[in-house]
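Me: Please take a close look at one part of this model: the helix packing. Go through it pair by pair, and then tie it to the sheet.

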Amino acid sequence: TLPLSGKAALVTGGSRGIGAAVARRLAADGADVALTYVSAEGRAKEVAEDIRATGRRALAIQADSASATDPVEAVHRTAREFGRLDILVNNAGIFPNGPLADVTVAEIDRTLAIHVRAALLGAQAAAGHMTDGGRIVTIGSNLAERVPGPGITLYAASKSALSGLTRGLARDLGARGITANLVQPGSTDTEMNPADSGARADAQRALSALGRYGTPEGIAAIVAHLAGPDGSGTTGSVFTVDGGTNA
Ligand code: NDP
């Protein structure tokens, strides 16, 4: 039997990039998987269709992580449709960047809503459905710990909130056998950060120890470890998976 046989997972922002790789990996490991998207309906449905073709159940849910209610409804709907919820992966994210002087109140509120509020509300709702063995994995960023250049103050601030979130959840939920961990990718080849974007990508490669981008599948592998039986003793931990950029 597969490590996640009989489990049900929800991955936010699963229509492309890291979230899609995580959704596919959790399904390959045996889980039924729901994934959210905000606008890429066709692509979310494609990921769900691919998962169904492997014999698992799958669900594509339109849920805006910037909303105060959608993230909670997505959790309840997943639990309702699959009859349980074991794994929540908070992955949906955006990359606000630019001169400090241009950062607006609306942009601050939206970024914090998507990265922090949605993760907290989602975890709160998910914890109500989870039993012993439940797993919460949040996708942060290596930029939460080192900021190598200008223009990303808001992004870095929003992602650094997730280490406190993760440690708090570990304490809140540990007595129930539910773990919470944070995975902080470095430069990873997705539409948010294409490895073939020229000078911008070259600069990121130069900062890494390995001299290359990571892959969505590489991030999905550590999420799968934390979500699976081998991850049962790991909680409140932060894993930076960045090719040595912060080394
Ligand atoms: P992509 O831009 O490739 O994909 C983003 C995903 O998040 C999409 O599925 C998108 O849905 C979804 N999403 C965006 N905004 C919302 C929203 N308001 N509500 C619901 N879903 C939303 O990004 P990545 O795969 O690169 O990034 C995934 C996570 O990894 C993010 O949290 C990001 O900050 C983090 N990360 C990425 C790094 C990188 O180098 N790529 C480095 C470090 C961290 P839709 O398709 O509908 O727009």
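**Helix packing and the sheet**

Reply: Helices α1 and α2 are roughly parallel to each other, a term for angles under 35 degrees. Helices here are DSSP runs (H or I, at least four residues), and strands are runs of E (at least two), numbered from the N terminus. Helix α1 covers residues 17–28, and helix α2 covers residues 41–53. Their packing angle is about 15°, with the axes 10 Å apart. Axes are lines fitted to C-alpha atoms, for helices over the stretch in contact; angles run from 0 to 180 degrees between N-to-C directions. The crossing of α1 past α2 is right-handed, so the near helix is turned clockwise from the far one by less than a right angle. On the α1 side, Ala20, Ala23, Arg24 and Ala27 make the contact. They meet Val47, Asp50 and Ile51 of α2. Contact means C-beta atoms, placed from the backbone, within 7 Å.

This is a predicted model: local features need pLDDT of at least 70, side-chain atom pairs count only at 80 or more, and totals for chains, interfaces and linings use all residues. Residues are numbered from 1 along each chain as its sequence is written. Mean pLDDT (confidence in each residue, from 0 to 100) is 98 for the protein. 100% of its residues reach 70 or more. The ipTM is 0.99, and so is the pTM.

Next, α3 and α4. Helix α3 spans residues 70–82. Against α4 it packs at about 30°, and the two axes lie 8 Å apart. That angle makes α3 roughly parallel to α4. The crossing of α3 past α4 is right-handed. From α3 come Pro71, Val72, Val75 and His76. Facing them in α4 are Ala118, Leu121, Gly122, Ala125 and Ala126.

Helix α4 also packs with α5, residues 153–173. Here the angle is about 15° and the axis separation is 10 Å. So α4 and α5 are roughly parallel. Again the crossing is right-handed, with α4 passing α5. The α4 side of the contact includes Glu107, Ile108, Thr111, Leu112 and His115. On the α5 side, Leu154, Ser158, Lys159 and Ala161 are among the contact residues, as are Leu162, Leu165, Leu169 and Leu173.

Now the sheet. It is open and has seven strands, ordered β3-β2-β1-β4-β5-β6-β7, with parallel pairing. Strands count as paired if DSSP finds at least two bridges between them. Neighbouring strands are turned by 15° on average, direction ignored. Strands β4 (residues 87–90) and β5 (residues 135–139) run parallel, joined over four bridges.

Notes:
pLDDT = per-residue confidence, 0-100. Parallel < 35°, antiparallel > 145°, perpendicular 65-115°, else oblique. Contact = placed C-beta atoms within 7 Å.
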